[in-house]
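Welcome! Take a moment to look over the sequence and the 3D view, and then we will walk through some of the details together.

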Amino acid sequence: MSRKELLSKIGLRADGRRAQELRRIRCKLGVFTEPDGSAYIEQGLTKVLAAVYGPHQVRGGRSKAQYDAAIVNCQFSMAVFSTGERKRRPRGDRKSTEMSIHLKQALMATIKTELYPWSQIDVYVEVLHADGGVYAACVNASTLALIDAGIPLKEYVCACTASLANNDIPMVDISYQEEVLGGPTLTVAALPMSEKIVLMEMTQRFHLDHLPKVLKEALRGCKDIKVILDEAVRNHLVNVGSSSGWVKNK
Amino acid sequence: MFTTKVFIRKNKIGNFLKNIREHYLRDDLFCGFTSCNVCKPEDTALSSNIENKSGLFNYPHYLILDTNIILDQMDILEEDVICNVIILHTVLKEVKHRSLAIYKRLNAVIDNPNRHFFVFINDHHRECYVPQEDTELINDYNDRCIRTACLWYINHIPDAKFVFITDDARNRALAEEENITTCSIEQYVRSIKENNLLEDKLAKRDYHVESDTQDLFPAHLTVTQVQEGIKEGRLHQGTYRASTSNFLEGFVSVDGYEDAILVQGRSGQNRAIDGDLVAVEIFKEQDWIAPSEIILEDESRVDTAVEEVLLKENELKEYSTGKKKKEKAKPTGCVVGIIRRKWRPFCGILQQDAPEGALYHLFVPADKKFPKIRIETRQAEFLKTQKIVVVIDDWPRYSRYPAGHFVRALGKIGDQATENEVVLLEHDVPHSKFSEEVLSCLPKLPWIITEEDVAKRTDLRHLDICSVDPPGCTDIDDALHCREIEGGMLEVGVHIADVSHFIRPGSALDVEAASRATTVYLVDKRIDMVPALLSSNLCSLRGGEDRFAFSCVWEMDKNANILKTKFHKSIIRSRKAMTYEEAQLTIDDKSRNDSIAQSLRNLNNLAKILKQRRLEKGALVLASPEVKIRMDSETMDPIDVEVKKLFETNSMVEEFMLLANISTAEKTLKDFPDCAMLRRHPEPPKINYEPLVKAGKHLGFEIKTGSNKELAISMDNAVKEDNPYMNTMLRILATRCMMQAVYFASGMFQKEDYYHYGLAVPLYTHFTSPIRRYADIIVHRLLAVSIGADVTYPDLLDKHKTSDLCQNLNYRNRMAQLAGRASVAFNTHLFFRGKLQDEEAYILSVRKNALQILIPRYGLESTLYLSQKGKKSIFEYNEEDQTQKYEDVVFHAFDPVIVRLALDSNNIQREKLVLQLVFPVVKGFSIPPLNEEHKRKVETDQKKTKAKKSKKK
């Protein structure tokens, strides 16, 4: 028995959650006025801002433009103060570039790009505080920002992490502390309504026998997050609508 | 609800980092009371039907414990008397942080439903959580959390009464202020009605210092002082090892010094106990002294007899600080602080000579390495007849001995059952009965082979397979066959019991077997790794019965070159279970020509070639004096001690087992480069060989230790015609120079380190004894996967898990080996009880005041003291040549002697064999022989010397 357990015998994780509980999620749409759409999300202590510009004319080399679809440009960056030790470069390093590509992959799966040929959509995400599940928070924030920008989506794309505690019990939404303690972390981005997986990533190898239950837990996490995001979107609409007299104030 | 914990921590590089963590507060946590209608009910162990019977609190009550109670008084908590206890999560976490061993024991108590312990998660409870204040120390904060939880309980369940037990006076005072009922553990235990001498088990911790007593030991440095000292290089960290022969000497092995640091005397040892991690200060070089080489025993009687120790210390000083000694001086130092205690429960007896009615007694541990322990008991008269278990609580400066408390009695001194128990406990051998859960994993009887089984396995029942084992063996795990096939080739098969078929990964049986790791053989008892149904029935490859096996089949030519290796799971029927002797007779009996005899002959021939080839590569032939004790089958008393007989067939079986192990190692490593379980035997450092090389030099042989091959050759050459046993003794010495062979996960070491030095093979593992070794089960599982007969499971492929497992296996193996030896030693003593016997023996080494004697017939090694206590030795010790001389008689290492054996039963715990010299005759020292043969020998010798003397004249 090691001194550090991911899940204690009484069934609580180090921060007091149970295995299948998400961290507290708070989110807000329309936090900036300059971009076409923006959102802020907090998953536990992980805090992420997302801003969406577009669709607009393709900038830079026109050769990139596509005749049948919009191109999606993602940029991931982490504030230098977002981690315990200050980061040297907020963006452009290998890890950030990889994150940008993964983010693009998840978003491309849901944006109806075919509606905007010859145009471009920019998604900028900035991590203010990293406390585990950074990628997941970025995907969720981007979804909200895209909705705020009014870009047509097939459905919500949500991401969630899951891991395996004590080699047996799957647990969802991994915090930084738990990531460091060990155990493989599985990140899944999915379209929860159609149950399609658009991205899946693992930090470590783990035995095939465990994969189904961990994956199932991660997908359940995605669905739960979708419900929360959906509620936030509806609330936002009510707020925006009521100020313009569009919806009746409750 | 949600809050955050903020704390600042220093990282490895030395930067200060701010850490922020979430801390969720919940409202769905259960308080543990079924009568509560606020909380959501869950399972609870608390019961209103059970009562703690305390005179102090004359009503049903529930106990809430402070951390210090659990850390110090675990022995009390393990008693059934105390129940209905609420363990707060704050306490549980603190216990885990402070001592993992206590935490495990606490968990065992919590898991036992009869004890009615309940864990309440107060730190995540919405109403019990209190934030830590800015300047508050963590201990004070924890105390406050505990008191808050107590108050919450009092308000939450007004019907029930709660008693808060703590030994921290300040916490108790604060609790009383807040109107919490509280008392100390001592008060509480004293007031229990059915006390049952529970008081004896209270740990005594003196928190206050008696000022009038004289300090016998220097103070230890504080933790920060030690840390600073080590950082600055003034102090050194190392594990303390007590000398087995001299209670005032010990050694600390420290990085950067080739020799272990010698610490001597009370002030040098400074309350360190064997195994402790200590900080030592090394003296300046001119103050270094040599190890004393004398044997000293602690004989003090009463508790405060310091004079006796002073006397012995002076004696020691005389020996260590002679002028001549300077050149042999070793780095010397003294213990200045203890970094980590390695205290464990000790087995032993009470010192017999305490006055009647005394409250304080001295406890003498069975293992000489440990000091005596002072305990308080009210049942001394009874305990004096018993072997008991005691733990150390504390060792204050003013006390000559550590203070401890009694844990339990094992049984009457001298009983075989008690002694076995002691051996098992002292070597940490798990030996409780198999639990119901484990037994439920066993297959149901009658066990039959189904069609499905047959379809999955290769049917080898038509082959003439037989097994060869020592007599009386019931756990037969290997069988062999050999037959001629086309092209003049031979097919050789080694069939190993398929234990992994019955023990499925992750089952309770598997977990238990992994923890036991090996079957332990005592002289009259076997502690099985797996239940008897498997070990001596279903897995045992008994003659004439169908059994599952894992077969390794080679195609070989007549020169024992392997052409093809095949592994498969099989069904076999052993034709006969033979003993080594039977097999040998079958081979030698020319009239027998049946297939078994032929196959044995073929095997034997192949084995000889294999052995020859192995020896050419540099494999070592080592020896150790192994004996077998014959027991009277009714009384279970030892009736004879004999050296194990070896036949050619022993070596035959061994060769094929080695071959199977090597083949398996190659196969599993190829398929699992990262997580194969292998066995390595590291080359010993050159310094280990020193005694061997020295002994060889005195005899005029050069022992080369450059490589295993050189060593093997030089030992083969070291033969003296007039002393045939000498070579064996050299080999015994060589065995003692070796390192331990260990299991490891292949992913954790470099390829070069896989080498097995003793066998001279690059790869080795254990495959052939899955009934009695857990390592083999793992190897079976790996092999089964690589031939597609089974599936993997997560832990099998995790090199870190495998590595952890290996550590346990290595530890248990070592302990099992030691336990076996201890058991043999005890029974040998039992055999010599009331006997006097003259025996031929050899001098193994020459010491300053003694000769180390080896008696081959009994495989015994013992000390022959050359000087009586307090008297000066008549012998002259020559350190250079390692000889002892008196007049004409000179003792060299390896000289033959005759000694008389007798058992000294004065010390009932440590009966020891006493040797007296019979031959050669030394006037005023040796004693006359007992039997005729020896008498004649002595006489002829005397005539010879007389003749010599007269010639000289």
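Let's begin with helix α18 of chain B, where B:Ile596, B:Ala597, B:Ser599, B:Leu600, B:Arg601, B:Asn602, B:Leu603, B:Asn604, B:Leu606, B:Ala607, B:Leu610 and B:Arg614 are buried. Keep in mind as you read that this is a predicted model.

Helix α18 of chain B runs over residues 595-617, which makes 23 residues. From its first C-alpha to its last it reaches 33 Å, close to the 33 Å expected at 1.5 Å a residue.

## The nonpolar cores

In soluble globular proteins, nonpolar side chains tend to be buried together. Here, the largest nonpolar core has 86 residues. Those with the most contacts inside this core are B:Leu534, B:Trp554, B:Leu600, B:Met652, B:Phe656 and B:Tyr774. Which helix gives the core its largest share? That is helix α23 of chain B (residues 774-786), with nine residues.

Leaving aside residues up to four places away in sequence, B:Tyr774 touches B:Asp510, B:Ala513, B:Ala514, B:Ala517, B:Met529, B:Arg781, B:Leu805 and B:Leu809. Another core, of 60 residues, lies apart from the largest one, and A:Ala70, A:Val134, A:Cys158 and A:Ala189 are among its members.

## Where the two chains meet

The size of an interface is often given as the accessible area lost when the parts come together. For chain A and chain B, this buried area is about 2500 Å², with 51% of it on carbon and sulfur atoms. Chain A brings 28 residues to the contact and chain B brings 33 residues.

How many salt bridges cross this interface? The rule finds three between chain A and chain B. B:Arg26 forms a salt bridge with A:Glu21, and their closest N and O atoms are 2.6 Å apart. Between the two chains, five residue pairs are counted in polar contact.

## A closer look at B:Arg575

B:Arg575 sits in strand β25 of chain B, which covers residues 562-579. Is B:Arg575 buried or partly exposed? Its relative accessible area is 32%, so B:Arg575 counts as partly exposed.

Not counting residues up to four places away in sequence, B:Arg575 touches B:Arg461, B:His462, B:Leu463, B:Asp464, B:Ile465, B:Gly544 and B:Ile596. A polar atom of the B:Arg575 side chain lies 3.3 Å from the backbone oxygen of B:His462. B:Leu541 is 34 residues from B:Arg575 along the chain, and their C-alpha atoms are separated by 9.9 Å.

Key. Residues numbered from 1 in each chain as written. Chains lettered and ligands numbered in written order. Predicted model: local features only at pLDDT ≥ 70, side-chain atom pairs only at ≥ 80, totals over all residues. Heavy atoms only, no water. Core = buried A, V, L, I, M, F, W, Y, C linked by side-chain atoms within 4.5 Å. Buried < 20%, exposed > 50% of the residue type's maximum accessible area, 1.4 Å probe, protein only. Helix = DSSP H or I, 4+ residues; strand = E, 2+ residues; numbered from the N terminus. Contact = heavy atoms within 4.5 Å. Expected span 1.5 Å × (residues − 1). Buried area = accessible area lost by both parts, 1.4 Å probe. Salt bridge = Lys/Arg side-chain N within 4 Å of Asp/Glu carboxyl O. Polar contact = N/O pair within 3.5 Å; in protein donor to acceptor, adjacent residues only side chain to side chain.
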